[in-house]
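Hi,

Here is the structure I promised to send over.

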Amino acid sequence: MSDEDITLTAGDAEATVQPGNGGRVGGLRVGGLELLRQGERFGCFPMVPWCGRIRDGRFRDGGVVHQMPLNAAPNAIHGTARDGAWKTARVTADEAVLTYDLVEPWPYPGRVTQVVTLTEDGLTLTMGVETYGSSFPAQIGWHPWFNRNLGAEDVQVAFDPAWQEERGDDHLPTGNRIEPKPGPWDDCFGMPGGVSVALTWPGQLRVDVTSPEEWVVVYDEQEAAVCVEPQTGPPDGLNTLPRLVTPLEPLEATTTWSWSRL
């Protein structure tokens, strides 16, 4: 199937999926309100096979050190799949299944599968990474850009993390866990019971971003958008907290955005 844009519908919700633009959800409209920042780099893109920054673009696997391109110099950021064209495996009115084969500069062959499912009151994203050969470390997550303003009051962000990863001057975690600080944030938080972040546009809409994963990056330093990014580990996690993709066990994650009218 082609990599042309896909439109999913359920009730008064409509999602645009863009296989050819990094497998991202390019738009999500609920009752005519566009929730995601528009533009080629925005929407919501999958972060795979790593999330956030890798320090100096380098990670170690056993005795081998791999170098990734420094696309956020002096670091590498957000994986490689957001820059590639994904393939459409299957589409129905309310669900799209996309695949992406891991290629250079990522040193390990494998496949990523992403499922986008739309209902009348929510969007669920599921992703899995499998290997075609040897085991390898990986991370997965999502990077949505939610519009700060939907035409009335600015969004309010509410969540209750157990800790915040202390952030160094290089925007990478130092390894210390600290008490959560007030925003604005470009920070990673730990939520051992699962990610749960409420976005409320007063008088309009509430969206609950949830995931069984324990890590979320909240980025609200930009004027136009707020990012709430569930992921399988902290930034630089390929070095500090790698998850292993093995021939017997893929790496899988999911997140759901549930909305209600106010």
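Let's start with a strand pair: S12 (residues 110-119) and S13 (residues 122-131) run antiparallel and are joined by 10 bridges. Across that pair, Arg111 sits opposite Glu130 in S13. Strands here are DSSP runs of E, at least two residues, numbered from the N terminus, and two of them pair if DSSP finds at least two bridges between them.

Before going on: this is a predicted model, where local features need pLDDT of at least 70, side-chain atom pairs count only at pLDDT 80 or more, and totals for chains, interfaces and linings use all residues. Residues are numbered from 1 along each chain as its sequence is written, and side-chain values use heavy atoms, with hydrogens and water left out.

Both strands belong to an open, antiparallel sheet of 8 strands, ordered S10-S11-S12-S13-S25-S21-S20-S16. S10 (87-91) and S16 (156-158) are the edges, each with a single partner strand, so one side of each has no neighbour in the sheet.

Now the inside. Beyond its neighbours within four places in sequence, Leu28 is in contact (heavy atoms within 4.5 Å) with residues including Leu118, Leu123 and Trp259.

Cheers

Key. Helix = DSSP H or I, 4+ residues; strand = E, 2+ residues; numbered from the N terminus.
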